[in-house]
Amino acid sequence: MTIEKTGKTVEDALNAALEELGVAAENVEYEILENPSKGFFGFGAKPAKILVKLKEMPAEVKTEIPEPVVTSEVQVEENIAEKIEPILEETKITPTENLPAEEIKPAFDKAVVIDAAKNFLAEVFNAMKIEVAVNAVENDSEVVLDLVGKDLGVLIGKHGQTLDALQYLTNLTANAHDAEEKVYFVLDVENYRQRRATALKKLAKSVAERVVRTRQDVKLEPMSRTERKVIHTALQNNSRVETHSAGEDPYRYIIVSLKKKSKG
């Protein structure tokens with residue numbers, strides 16, 4: 001988008017353009033078409049005229065991936081958060097700054113943290129009045145909590161948003177201890193994560209091809225750490241593009257860019 005603006009000075013003209021476009025100065029580039037002139041004894045004065053152009057921003061791609069089919073026939077409930085909120089009110093996290101200065105930090109016990117995660121989920125499922133078994137599977141980098149039961153499609157939500165939100169709250173609550181070490185939990189229902197990973201790999205390949213074709217950065221929608229890892233891994237050996245994460249959890253996202261040598 002390009003606009004022309006005038007002002008008593010170049011700075012005045014630029015400020016007027018920024019106000020009209022609703023952006024900051026770093027998001028535009030401009031060219032001076034005419035410098036201001038005071039004229040002769042006040043006659044023939046001319047304002048400054050500039051041409052302002054919006055810089056191109058990375059395109060954003062939403063992961064509109066066909067939702068994996070689940071065995072549940074229960075329709076996804078959009079107000080799932082309303083059922084979880086009462087539990088969160090009861091699950092109070094004691095701020096560490098309120099602890100006595102001389103109190104020794106508790107020793108890290110992974111088993112205790114896993115139990116805390118299971119207990120939190122049990123309270124949530126009890127409030128939702130659904131029966132869910134939680135099976136914990138440990139590996140080097142994370143603990144997968146596999147949720148087993150009938151009609152659990154409600155726990156997945158659109159594009160896994162409900163499952164991701166529940167996963168985020170589980171990590172926040174279970175790791176509310178004073179030890180330096182943390183346990184990262186991944187929640188899964190009916191092998192949804194594996195099917196989602198397959199779809200994300202296809203997305204990564206498609207986005208990489210788009211970046212190479214258009215030579216423009218592509219910004220993906222916010223994802224969980226687990227899903228971002230799938231994208232990074234899928235493209236780590238691609239000789240034409242590179243990936244990096246930006247933003248803060250739970251809204252952290254990935255930008256796929258052309259490698260510098262490819263740009264040259």
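Start with the open sheet of three strands ordered β1-β3-β2, where the pairing is antiparallel. Strands here are DSSP E runs of at least two residues and helices are H or I runs of at least four, numbered from the N terminus; two strands pair if DSSP finds at least two bridges between them. At the edges stand β1 (2-7) and β2 (28-34), each with a single partner strand, so one side of each has no neighbour in the sheet. From one strand to the next, the twist averages 25°.

Before going on, a word on the model: it is predicted, so local features need pLDDT of at least 70 and side-chain atom pairs count only at pLDDT 80 or more, while totals for chains, interfaces and linings use all residues. Residues are numbered from 1 along each chain as its sequence is written, and side-chain values use heavy atoms, with hydrogens and water left out.

**The antiparallel sheet**

Six bridges join β2 and β3 in the antiparallel sense, and Glu 29 sits opposite Lys 53 of β3. Helix α1 (residues 10-21) packs on this sheet, touching β1, β2 and β3, and its direction makes about 135° with that of β1. Angles like this run from 0 to 180 degrees between N-to-C directions, using lines fitted to C-alpha atoms, for helices over the stretch in contact.

Leu 51 belongs to strand β3 (residues 48-54). (Buried means under 20% relative accessible area, exposed over 50%, and partly exposed in between, with a 1.4 Å probe and protein chains only.) Setting aside residues up to four places away in sequence, Leu 51 touches Thr 2, Ile 3, Glu 4, Glu 29, Tyr 30, Glu 31 and Leu 33, contact meaning heavy atoms within 4.5 Å. Leu 51 and Ala 17 are 34 residues apart in sequence, and their C-alpha atoms are 9.1 Å apart in space.

Another open sheet of three strands runs β5-β6-β7, with mixed pairing. Its edge strands, β5 (133-138) and β7 (185-189), each pair on one side only. Strand β6 (residues 143-148) pairs with β7 in the parallel sense over five bridges, and Val 144 has Val 186 in β7 as its bridge partner. Helix α4 (residues 161-174) packs on the sheet, touching β6 and β7, with its direction at about 145° to that of β7.

How enclosed is α4? Of its 14 residues, 10 are buried, so α4 is largely enclosed by the rest of the structure. Among the buried ones are Leu 163, Leu 166, Gln 167 and Leu 169.

Asn 171 lies in helix α4 and counts as buried because its relative accessibility is 12%. Leaving aside neighbours within four places in sequence, Asn 171 is in contact with Val 183, Tyr 184 and Phe 185. Its side chain also has polar contacts, listed below; a polar contact is a pair of N or O atoms within 3.5 Å, where within protein one must be able to donate a hydrogen and the other to accept it, and residues adjacent in sequence count only if both atoms are side-chain atoms.

| Backbone atom | Distance to a polar atom of the Asn 171 side chain |
|---|---|
| Oxygen of Gln 167 | 2.9 Å |
| Nitrogen of Phe 185 | 2.7 Å |

**Cores**

A nonpolar core is a set of buried Ala, Val, Leu, Ile, Met, Phe, Trp, Tyr and Cys residues joined through side-chain atoms within 4.5 Å. The largest one has 26 residues, of which Leu 121, Phe 125, Leu 145, Leu 147, Leu 155 and Phe 185 touch the most other members. At least two residues come from each of α3 (110-128), β6, α4 and β7, and α3 gives the most, with eight. Not counting residues up to four places away in sequence, Leu 147 has contacts that include Leu 121, Phe 125, Leu 155, Leu 163 and Leu 187. A second, separate core of 17 residues includes Val 211, Val 218, Leu 220 and Met 223.

**Helix α5**

Helix α5 (residues 192-214) has 23 residues, which at 1.5 Å a residue should span 33 Å; its end C-alpha atoms are 32 Å apart, in agreement. The expected span is 1.5 Å times one less than the number of residues. Buried residues in α5 include Tyr 192, Arg 193, Leu 200, Leu 203 and Val 211. Just after α5, Arg 215 takes a positive phi of about 60°.
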